[in-house]
Amino acid sequence: MTTQAPLIALVGRPNVGKSSLFNALTRKRNALVADFSGVTRDRRFGEAVVEPMGDKIVRIVDTGGWMPEQWRKNHDDKELLQNIEVQILKALEEASVIVLVMNIREGVTSLDEDIVRYIRKLNRPFVIAANKADKLNEGYQIGDFFQLGADEIIPVSAEHKVGIYDFWERLMPYFGEYAKGEKAEKAPEDKIYRVTIVGRPNVGKSSLLNQIVGEERAVASSEPGTTTDSVDVEIERGGHRFLVVDTAGIRRNAKRKDEVEDLGVMYAKRNLNDADLAFLVVDAAEGVTAQDSRIASLVEESGCTAILVANKWDLAPMPIRDTVDGLKKFSKMMEKEIPFLDYAPVVAISAEKGRLYDSLPGADAEVVLEPLKMPNTLDDIWTLAVELIEAREQRIEPKQVQELLAEALTVGPQWGTFAGPMKKAHQVGNRPPQFMVFVKDANKIPEAMRRYLSRTVRERYGFRGNPIRWVFKHRADR
Ligand code: GDP
């Protein structure tokens, strides 16, 4: 067998999000590991694609509900253990790095300390994944984590897939030679973007789905076993592969009208979690409602790339319908109702007629508008989608981030008292684009400053269609 890929072991007390982290790390590669020598095929053993290593593979094990008490008691009596348990113990002893998953909101518990005592005996490098750092602007206090003696403390949100790229970057030093040298060829089949169509009932989600996936869908549906509540349809557009999640199940599984609404929100939550790109569909004839706004906030929270789809443009009121000014007005109205999605471009379409009328770049971008285009086919929506995904995938060098921020803070409003000079800042992820900045007092960063910095970053780098997140850290914690 060739050199085995490095192995990472996830440990931690229950409910800290080990399985979610496991899923987030292995999401691009659902296959179970075949050459995990002697391993039972089990959901807890998987492989992960390490993005900053050019998508090379590492092996990963989730120790599940294993607790130090069991470990200690059973460690010397492997005969008594189930096969799977022996494998977990072996994995812990052989791991290139052990990842202790902790809950950033709960700090250090005595159980955490117990686990740390155990894993230190194993003499492996160990890092802490400080999970549930979802609200990245909250300036969590991770000071207590330092006393545990981990080699690294890495904030992540497994649920929202935030900080995963940074997580890999900081684990790479523990992979030794494997992380160096020839990068593995990128396996193109791994690069597939998950797309979800969300919106309240009757805005035209199914109509849009039928239009944009067209024939491919017919193929998918004719396969046996596609009667589950959603069918993923794989398509290729603009040289990229997309997996579009079918939402038809919402209607099929609902008995009453209000149930359709609830299911709509439920499906949106579930699908957004995994999505790279969301089409948020609204009804141009009815305008934006409170429920649209509710779903829009789920889109924002998920951090995925977003496109606002003003559907039924053919039914939009008349002065709005056929002028660029009308589209601009509609877009302003949307921005008023859902200001937190102002980075998302707006496209006016008719799913029923299969037409895309025009698009606006998103309310916060400066644009020169051209007259409304001749209605085009809906395929143009993919041109836009590819553009936004490529915008998201930019990575900005730390030096450039620092220069940009330093510049912004000399010409912009004066936040110097708690921000101080921003000497250290870097991009820590791009799903969504996320920046970490070390400041004097991370707890005092005002919302206005985040917005100002986002605007500054956007002016230079675009990141159109994507939210920008900021993590502020106390400089003293470095
Ligand atoms: P969903 O509940 O969001 O999946 O909505 P559907 O796709 O089932 O559409 C709801 C209704 O709106 C259906 O009667 C569609 O025919 C109609 N519809 C959808 N898109 C358009 C459109 O662009 N223009 C017009 N005039 N009607 C549409």
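Glutamate 335 and lysine 332 sit 3 residues apart in helix α12 (residues 324-337), about one turn of the helix. Helices here are DSSP runs of H or I with at least four residues, numbered from the N terminus. The two side chains form a salt bridge, with the closest N and O atoms 3.4 Å apart. This is a predicted model: local features need pLDDT of at least 70, side-chain atom pairs count only at pLDDT 80 or more, and totals for chains, interfaces and linings use all residues. Residues are numbered from 1 along each chain as its sequence is written, and side-chain values use heavy atoms, leaving out hydrogens and water.

**Salt bridges**

- The whole structure holds 17 salt bridges (a side-chain nitrogen of Lys or Arg within 4 Å of a carboxyl oxygen of Asp or Glu).
- Glutamate 335 is partly exposed, at 24% relative accessible area. The classes are buried under 20%, exposed over 50% and partly exposed in between, with a 1.4 Å probe and protein chains only.
- Glutamate 234 and arginine 241 form a salt bridge at 2.5 Å, N to O. Glutamate 234 is partly exposed at 42%, and arginine 241 is partly exposed at 22%.
- Arg13, Glu106 and Asp112 are linked in a network of salt bridges.

**Helix α16**

- Helix α16 (residues 447-461) has 15 residues and should span 21 Å at 1.5 Å a residue; its end C-alpha atoms are 21 Å apart, which agrees. The expected span is 1.5 Å times one less than the number of residues.
- Glutamate 447 pairs with arginine 450 in a salt bridge, the closest N and O atoms being 3.5 Å apart. The two are 3 residues apart in α16, so about one helical turn separates them.
- Glutamate 447 is partly exposed at 43%, whereas arginine 450 is buried at 7%.
- Buried residues of α16 include Met449, Tyr452, Leu453 and Tyr461.
- Glycine 462 follows α16 and has a positive phi, near 80°.

**Helices α1 and α6**

- Helix α1 (residues 18-26) packs on helix α6 (residues 164-171) at about 85°, with axes 11 Å apart. Axes are lines fitted to C-alpha atoms over the stretch in contact, and angles run from 0 to 180 degrees between N-to-C directions.
- The pair is therefore roughly perpendicular, a class covering 65 to 115 degrees.
- Leu21, Ala24 and Leu25 of α1 meet Ile164, Phe167 and Trp168 of α6; contact means heavy atoms within 4.5 Å.
- Aspartate 166 lies in α6 and is buried at 5% relative accessibility.
- Beyond its neighbours within four places in sequence, aspartate 166 contacts Ile154, Val428 and Met436.

Methods. Parallel < 35°, antiparallel > 145°, perpendicular 65-115°, else oblique.
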